[in-house]
Amino acid sequence: MRTASDFSPLYRSSIGFDRIFNLLENAPQTVDSWPPYDIERSDGHSYRVTIAVAGFSEDDLDISHEPNLLIVSGERKEQDKVEYLHRGLSVRPFTRRFELADHMTVTGASLNNGLLTIDLVREVPEEMKPRRITITREDGAPKAGQVEKPKQAA
């Protein structure tokens, strides 16, 4: 059971996190667990999504990358009419969406042994990286805590 959460107190002390609060409010209430997937982080900026897609070929899968969203979908093309005595492989159409952080890019995708692997890297632009800002006074006096150089005797 899910109840509505009030995030308004958090808006007062945070700036620019509106998108995160909207994601929490609009999170799906039912969880579809098919196809199963893993998400790995190899270092601080590299990620890998592995999805089990047994029975699908490269032509049956579609990967699209939109701003802050990775969409993986699959639909198996009908092959020759085959009479199955038992059908255990689930090859129904699917769409799996992954919300991505800002500045995430897809660097590659591969299909091997029924596992679709998608590599992602977070590449923060240089102008977006943290930088140190120096504080100076308008009168040219040293900033607080800075020791003045001793004056030379004439």
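**Aromatic rings, a sheet and charged pairs**

Phenylalanine 56 and phenylalanine 94 are both buried. The rings of these two residues have their centres 5.4 Å apart and their planes at 90°, so the pair is edge-to-face. Phenylalanine 56 belongs to the loop between strand 2 and strand 3, whereas phenylalanine 94 belongs to strand 5, so the contact ties together parts that are 38 residues apart in sequence. The model in which these residues are described is a predicted one.

The structure holds four aromatic pairs. In one of them, the rings of tryptophan 34 and phenylalanine 56 have centres 6.5 Å apart and planes at 45°, so this pair is tilted. Here too distant parts of the chain are linked: tryptophan 34 lies in the loop between helix 2 (18–25) and strand 1 (37–41), and phenylalanine 56, in the loop between strand 2 and strand 3, is 22 residues away. Tryptophan 34 is buried, as is phenylalanine 56. Through such ring pairs, Trp34, Phe56 and Phe94 are joined into a cluster.

Three strands form an open sheet in the order 3-4-5, with antiparallel pairing. Strand 3 (61–66) and strand 5 (94–99) are the edge strands, since each pairs on one side only. On average, neighbouring strands of this sheet are turned by 15° against each other, direction ignored. Strand 4 (residues 69–74) and strand 5 run antiparallel and are joined by six bridges. Isoleucine 71 has arginine 97 as its bridge partner in strand 5.

In one, arginine 48 pairs with aspartate 119, and the closest N and O atoms are 2.7 Å apart.

Aspartate 60 and lysine 77 form a salt bridge with their closest N and O atoms 4.0 Å apart. Aspartate 60 lies in the loop between strand 2 and strand 3 and lysine 77 in the loop between strand 4 and strand 5, 17 residues apart. Aspartate 60 counts as buried because its relative accessibility is 11%, under the limit of 20%. Lysine 77, by contrast, is partly exposed, with a relative accessible area of 49%.

Finally, a charge also meets a ring: the charged end of arginine 87 sits over the ring of tyrosine 84, 4.4 Å from its centre.

Notes:
Residues are numbered from 1 along each chain as its sequence is written. This is a predicted model: local features need pLDDT of at least 70, side-chain atom pairs count only at pLDDT 80 or more; totals for chains, interfaces and linings use all residues. Side-chain values use heavy atoms; hydrogens and water are left out. Two strands pair if DSSP finds at least two bridges between them. Helices (H or I, at least four residues) and strands (E, at least two) are DSSP runs, numbered from the N terminus. Axes are lines fitted to C-alpha atoms, for helices over the stretch in contact, and angles run from 0 to 180 degrees between N-to-C directions. A salt bridge is a side-chain nitrogen of Lys or Arg within 4 Å of a carboxyl oxygen of Asp or Glu. Buried means under 20% relative accessible area, exposed over 50%, partly exposed in between (1.4 Å probe, protein chains only). Rings of Phe, Tyr and Trp (its six-membered ring) pair if their centres lie within 6.5 Å; planes under 30 degrees apart count as stacked, over 60 as edge-to-face and the rest as tilted. A charge sits over a ring if NZ of Lys or CZ of Arg is within 6 Å of the ring centre and within 35 degrees of the ring normal.
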